[in-house]
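My entries follow in the order I made them.

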Amino acid sequence: MNIAWSAIGSVAAISLGTIIVVAILFGLGTLGMSRYEKTRAQGGSASLTVVGTGVAFVACVAIGLFGLYLTVFR
Amino acid sequence: MHIPLIVVAVIVTALIFDFTCGFHEASDAVATSVATGALRPRVAVGIAAVGNLVGAFLSIKIALTISNGIVDDTKITPAVVFAGLVGAIMWNLLTWVVGLPSSSTHALYGGLIGATLVAVGSGGVHFAKVTSSFLIPALAAPVIAGLVAVIGTRISYRVARGSDQRVTTRTYRAGQTVSASLMAMAHGTNDGQKTMGVITLALVSGNLLPHNANPPVWVIVSAGIVIGAGTFFGGWRIIRTVGKRLTDIMSPQGFIAETTSAAVVLASAHLGLALSTTHVCGGAVVGTGLGRKGAEVRWGVAGRILLTWVLTLPAAGLMAGIAVMASDGGAVGTVGVAVVGIVVAAVLWVLARRHPVHAGNVNDVPTMERAATPETASA
């Protein structure tokens with residue numbers, strides 16, 4: 001009987017890696033968003049936070065699109 | 001052109017199965033978004049319906065290998081496919097009435113195996129293949145998704161712990177709308193195609209298409225539209241169970257559950273491993289409940305769901321086996337099976353109407369079962 005252990009292992013490894021990266025990026029993005037609103041409320045400027053937050057969220061979307069691309073076109 | 005009755009029966013039942021598949025597995029994509037209030041119920045199933053429709057057009061890879069080698073394709077007659085579909089539809093309706101998620105894929109293959117066993121004998125079923133490509137992955141799917149979701153949930157709460165509660169809820173709800181759409185599309189690429197495969201097989205066996213033909217355009221279009229319509233119909237009973245009864249879900253958990261499910265389903269589809277979206281999603285929801293401190297997983301509900309998953313293959317097989325005995329006997333048998341099927345479906349529908357669950361009350365669970373969280377209490 002030929003059980004696809006390697007495929008099962010790969011699925012586990014790939015999804016775990018993806019989720020760790022997405023969870024960290026999205027968490028940082030949320031943190032950035034929260035700090036930005038706090039700074040704005042206190043009247044300060046937070047352009048660096050805005051850039052960081054944007055990069056984190058865009059990276060999350062890019063990972064999702066890449067996954068879709070791999071499935072559909074490869 | 002003469003089209004045999006049995007081929008027409010297969011096409012019609014395949015589309016009905018496709019519809020049940022849509023509402024049965026709508027919960028895979030929308031349950032957590034509905035539960036956290038990220039999307040209004042009607043909007044959620046609308047997005048999921050479009051995702052399923054789009055997904056069905058994206059690829060026909062799975063449609064080309066309908067039975068995945070678990071039964072001997074050369075020995076399958078339209079009567080076997082018809083009986084298999086009837087068994088699968090009955091199981092889908094039964095589990096819908098009691099509000100339990102179950103894999104439509106396993107129901108379909110259970111039906112095909114049962115009908116083949118009765119009509120052809122054990123020589124028609126490749127048992128080693130059943131174990132290696134269904135039973136082992138079915139065990140692995142919820143475990144992988146569960147572990148990944150536990151770790152993802154822990155990380156999310158750790159990284160975002162310093163942020164404002166309101167901002168956290170808002171961003172993760174927004175994230176959920178994206179991850180839910182991705183999950184719906186992944187479901188459409190997986191499950192919409194099974195119907196295309198079944199209809200194509202019936203057309204080939206009725207000599208209306210050459211062997212190894214691709215699904216005709218009208219088959220792809222109708223399968224995509226029907227699974228989308230089924231998804232839009234809702235399947236609210238199952239959405240309530242997965243979103244509200246299994247554990248208490250807050251928006252970061254919902255985001256992680258959906259992202260995990262999409263990652264596992266897309267990765268496995270890419271590597272050619274046939275995991276069931278239902279098993280993946282169920283595992284991810286339980287995992288995310290284990291990952292957040294203070295969330296409680298209701299193991300009684302989880303146990304009932306697990307029992308449903310174990311029973312899916314044999315139960316659909318048994319019903320299909322009974323159906324094939326009648327439908328193998330020609331047109332009268334086929335009509336008889338169809339009539340019995342319609343009557344059973346009508347009875348189940350009436351039973352469901354006694355305790356209706358719809359978009360308006362999907363999140364209302366008796367307080368005994370629901371631990372109030374700040375987020376759900378305000379929603």
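Ground rules, noted before going on. The model is predicted, with local features needing pLDDT of at least 70 and side-chain atom pairs counting only at pLDDT 80 or more, while totals for chains, interfaces and linings use all residues. Residues are numbered from 1 along each chain as its sequence is written, and chains are lettered from A and ligands numbered from 1 in the order in which they are written.

**Helix α8 of chain B.** I took helices (H or I, at least four residues) and strands (E, at least two) as DSSP runs, numbered from the N terminus. α8(B) covers residues 217–233, which is 17 residues. I get 24 Å from its first C-alpha to its last, close to the expected 24 Å; the expected span is 1.5 Å times one less than the number of residues.

I then listed its buried residues (20 or more other C-beta atoms within 10 Å of a residue's own; exposed is 12 or fewer, partly exposed in between; C-beta atoms are placed from the backbone). Among them are B:Val219, B:Ile220, B:Val226 and B:Ile227. Their cover includes α1 (5–24), α2 (26–36), α3 (41–58) and α7 (165–205) of chain B.

**Where chain B touches chain A.** I counted contacts (C-beta atoms, placed from the backbone, within 7 Å). In chain B, 41 residues are in contact with 34 residues of chain A. On the chain B side, α6 (127–159), α7 and α10 (251–270) each give two or more residues. α6(B) supplies the largest share, 13 residues.

**Helix α6 of chain B.** I find 33 residues in α6(B), reaching 47 Å from first C-alpha to last, close to the 48 Å expected. I also noted a kink of about 35 degrees, centred on B:Pro137; the bend at a residue is the angle between axes fitted to the seven residues ending there and the seven starting there.

**One residue from the other side.** I looked up A:Ile20, which is in helix α1 (residues 5–41) of chain A. A:Ile20 counts as partly exposed because it has 14 C-beta neighbours inside 10 Å. Leaving out residues up to four places away in sequence, A:Ile20 touches B:Ile151 and B:Ile155.

**Chain A as a whole.** I count 2 helices and 0 strands in chain A. Its C-alpha atoms fill a box of roughly 65 × 20 × 15 Å along the principal axes. Of the 74 residues in chain A, 34% are buried.

Key:
Contact = placed C-beta atoms within 7 Å.
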